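Dear colleague,

Please find the structure below, handed over for your own work. My notes on what was found in it follow directly after.

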Amino acid sequence: MATRLALRTLPVRAAPRSITWLCLSKPASGAGFSSASWEPKVEQFKEDIAKYLPADGKRVVFATAWLATDNVFVALMRKHCPAVLDGMHLVAIDTMHLFPETLECAKLVESKYGKAAMWKQPADVTSKEEFMAKFGDVEEMDAADFDFVSKVEPFQRALEEAQKDILITGRRMDQAAQRIELSIWEDGKRTLNPLANWSWSDITSYVDAHDVPVNKGHSFVYRANAPIKATERHLPDLPWTKVDLGKPFWRCSEADLRGSPPAPVIYVFKSFGDTHTTVPVDPSESERTGRFVRQSKTECGIHTRTTSAGAPHGGALVDLMVKDEAEKARLVSSVAKTVDLNERQACDVFCLLHGAFSPLQGFMTEVTYNSVVKGMRLPEKQLFGVPVTLDLKSTEGFKEGDRILLKYGGKNVAVMDAESVYKPDKVLEAKEVYGTSSCEHPSVFSLVAEQGPFYVGGKLHGIESPTFKYPVMTPKEVRATLPEGKEVVAFQNRNPIHRAHFELLKCAQRDVKDSILLVHPTCGPTQPGDIDGVVRIQTYEALKEETKAEYPMFRWAYLPYSMKMAGPREAIQHMIIRKNFGATYFIIGRDMAGTKSTVTGDDFYGPYDAQEIGKKFSQELGVKVAHYENMVYVGEGGYVEETVAKKQGVKVVKLSGTEFRRRLRSGEEIPDWFAFKSVVDILRKAGDSAFC
């Protein structure tokens with residue numbers, strides 16, 4: 001969750017104007033360097049560029065912050081892959097809070113390598129003063145809000161303009177603990193990290209050897225008599241002396257850095273972000289140590305939260321289906337154990353294989369699970385509502401590192417890499433995800449009493465998509481039915497659609513001008529007392545046929561998903577899922593994904609909790625919330641929102657769910673204002689078998 005900045009300090013100050021900020025473009029005379037460590041990596045770099053990027057560089061985006069690593073990347077591309085560099089986009093974000101020397105460095109890099117960047121800024125802002133007038137003082141802003149308006153939203157615009165297919169970053173494994181397992185190529189995200197295995201010393205050595213421009217701020221040392229807290233090093237008038245070394249600090253000896261007499265404490269800038277979140281560090285510390293020092297995060301939003309409106313969560317739609325038949329056979333032959341899935345698990349496999357849960361590429365490992373349970377975010381900080389886990393009764397017959405064959409309905413549906421086998425704290429999971437550990441919550445009862453005690457996490461390899469008793473569509477298939485250039489309003493439900501629901505759909509489609517309405521019910525297992533999924537599909541098909549002439553802008557698709565009844569957190573999950581299916585709006589009605597105590601009948605969540613959390617994270621997800629109250633029937637006035645009926649003082653005509661079921665069973669009349677006749681006929685024909 002977002003962490004609010006605790007410090008309320010003086011306004012951010014720019015770097016002193018008394019110094020002419022320039023970029024170093026020449027190594028100091030006599031400076032020595034060793035190329036032994038990076039020369040083989042250059043060859044690997046060239047191979048990776050040729051393997052993963054198109055030769056013309058089209059639809060490739062490199063996100064640069066003009067750091068030493070970023071500038072080395074541009075230098076390597078100009079020297080070894082010039083055609084790719086010419087065709088790709090360098091994207092730079094001016095947050096209005098960059099160090100002045102960063103902007104000077106950018107000019108030198110653009111000039112030296114003949115590659116102009118695509119610059120983006122916060123929306124409708126051209127200066128720091130305008131930023132403050134529109135958004136406020138950064139010291140008083142929520143850190144996540146600053147991150148979004150200054151980096152994520154501008155970067156989204158850049159990705160759209162560049163028609164991004166592949167994203168390149170300058171991330172390296174030695175920069176932070178969170179990047180230790182960083183891959184060169186992240187297939188599901190279509191992200192290339194070509195310098196992932198380069199070290200800081202590789203970067204600085206290459207800079208010195210090839211005269212790569214770097215930030216002038218690297219050439220200053222800050223000498224102090226006593227340590228200064230990292231959280232205070234951004235403040236003005238600190239008890240240190242700033243000394244111009246005349247060359248980057250890494251070319252200096254310790255004696256040069258400490259001066260005469262030797263300073264007990266020294267700091268240098270190893271990285272540069274925004275002026276209020278970046279500080280100098282001890283020369284022995286990681287360059288990332290000085291970034292985000294007053295925040296809980298260690299990554300900026302460009303690497304964690306960037307997703308365009310209408311684009312899948314994480315930027316790319318995951319597709320885990322193996323296309324090659326020989327590879328399928330090889331994977332199946334390599335397994336140590338076979339697991340037969342139940343319907344709930346098979347629904348999750350379907351959603352994983354086809355990208356409904358993008359950016360996930362498999363069931364959650366213990367690290368990912370803990371991150372989502374405790375913080376509602378993946379380790380890379382993208383939002384994710386509830387954990388997606390494979391529970392097993394026993395771990396007999398396999399171990400971590402083995403492969404497991406997943407079967408459903410007698411078919412081989414996927415092979416799973418058992419990367420993580422663990423025993424979760426289900427009480428904690430219940431409290432964090434469902435807001436209660438009470439077994440009166442039907443999903444908590446299932447979690448604790450019915451599901452297996454062990455979880456297995458790891459990547460999936462799709463063999464054959466699970467099939468169900470009802471027709472389903474993948475995100476890719478649904479997206480193919482959506483016309484370009486139109487907003488898509490998605491509606492999720494788990495029950496037959498009655499008149500009140502349909503009135504809500506009509507309102508939403510009307511309120512979002514010229515939009516498509518995606519009716520997207522979940523049809524997997526749900527809580528006891530709900531209508532069976534197969535019967536629900538029959539009612540949807542009948543209603544689709546009945547209304548298609550009058551409402552051609554409606555689209556219908558069915559999602560194999562097992563409802564968790566997790567209230568607010570599941571609302572976020574549904575927003576993410578519908579985003580992956582192409583939605584730009586999501587309808588959240590009263591008490592979405594809510595449930596009642598099986599003992600007292602009391603609600604576990606407030607009627608509008610789901611709406612509130614949806615609105616809170618709407619901008620970050622790029623999905624707007626269309627929120628409505630209960631639609632109620634007032635006789636000749638038709639359907640109106642509940643508060644409207646109260647203001648007008650008109651009588652609301654009601655029919656409870658209990659009374660509806662009683663009339664269904666007894667054959668008594670059900671009024672047309674409550675339900676569609678076609679839906680009632682199907683439910684009556686199904687009888688008691690219609691209910692779970």
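Both faces of strand 7 are covered in this predicted model: F220, Y222 and A224 are buried on one side, and V221 and R223 are buried on the other. Strand 7 spans residues 220-224, and five of its five residues are buried. Here buried stands for under 20% relative accessible area, exposed for over 50%, and partly exposed for the range in between, with a 1.4 Å probe and protein chains only. In a regular strand, side chains alternate between the two faces of the sheet. Helices (H or I, at least four residues) and strands (E, at least two) are DSSP runs, numbered from the N terminus.

Strand 7 has two partners to report. With strand 8 it pairs in the antiparallel sense over five bridges, and Y222 stands opposite K242 of strand 8. With strand 9 (residues 265-268) it is joined by four bridges, again antiparallel, and R223 stands opposite I266 of strand 9. Two strands count as paired if DSSP finds at least two bridges between them.

As to conventions, residues are numbered from 1 along each chain as its sequence is written. Because this is a predicted model, local features need pLDDT of at least 70 and side-chain atom pairs count only at pLDDT 80 or more, while totals for chains, interfaces and linings use all residues; side-chain values use heavy atoms, with hydrogens and water left out.

Overall figures

The protein has 692 residues, of which 57% are buried, and contains 22 helices and 23 strands. Of the contacts with a separation of 6 or more, 74% are between residues 24 or more positions apart, a contact being heavy atoms within 4.5 Å.

Salt bridges

The whole structure was searched for salt bridges (a side-chain nitrogen of Lys or Arg within 4 Å of a carboxyl oxygen of Asp or Glu), and 32 were found. One of them joins the side chains of K120 and E161, at 2.5 Å from N to O. K120 lies in strand 3 (residues 118-120) and E161 in helix 6 (residues 143-162), so this pair ties together parts that are 41 residues apart in sequence. K120 is buried, at a relative accessible area of 15%.

A second salt bridge links K134 with D124, whose closest N and O atoms are 3.4 Å apart. Since K134 belongs to helix 5 (residues 128-135) and D124 to the loop between strand 3 and helix 5, the parts tied together are ten residues apart in sequence. K134 is partly exposed, with a relative accessible area of 42%, whereas D124 is exposed, at 70%.

D208 and R251 also meet through their side chains in a salt bridge of 2.9 Å, N to O. The pair links distant parts of the chain, 43 residues apart: D208 sits in helix 7 (residues 200-210), and R251 in the loop between strand 8 (240-244) and helix 8 (254-258). D208 is buried at 7% relative accessibility, and R251 is buried at 15%. Elsewhere, salt bridges that share partners join E659, R662, R663 and E668 into one network.

Cysteines and S271

The structure holds zero disulfides, a disulfide being a pair of cysteine sulfur atoms within 2.5 Å. For C351, the closest cysteine sulfur is that of C347, at 6.9 Å, which is too far for a bond. C351 is buried at 0% relative accessibility, and C81 is buried at 11%.

S271 is found in the loop between strand 9 and helix 9 (301-304) and is buried, with a relative accessible area of 4%. Leaving aside neighbours within four places in sequence, S271 is in contact with L67, H218, T278, E287 and R291.

Confidence

The mean pLDDT of the protein is 87, and 90% of its residues reach 70 or more; pLDDT is the predictor's confidence in each residue, from 0 to 100. Over residues 1-34 the pLDDT is below 50, and this stretch has 84 contacts in the model beyond near neighbours in sequence. Residues 301-308 likewise stay under 50, with 41 contacts beyond four places in sequence. Where pLDDT is low, the predicted coordinates should not be read in detail.

With kind regards
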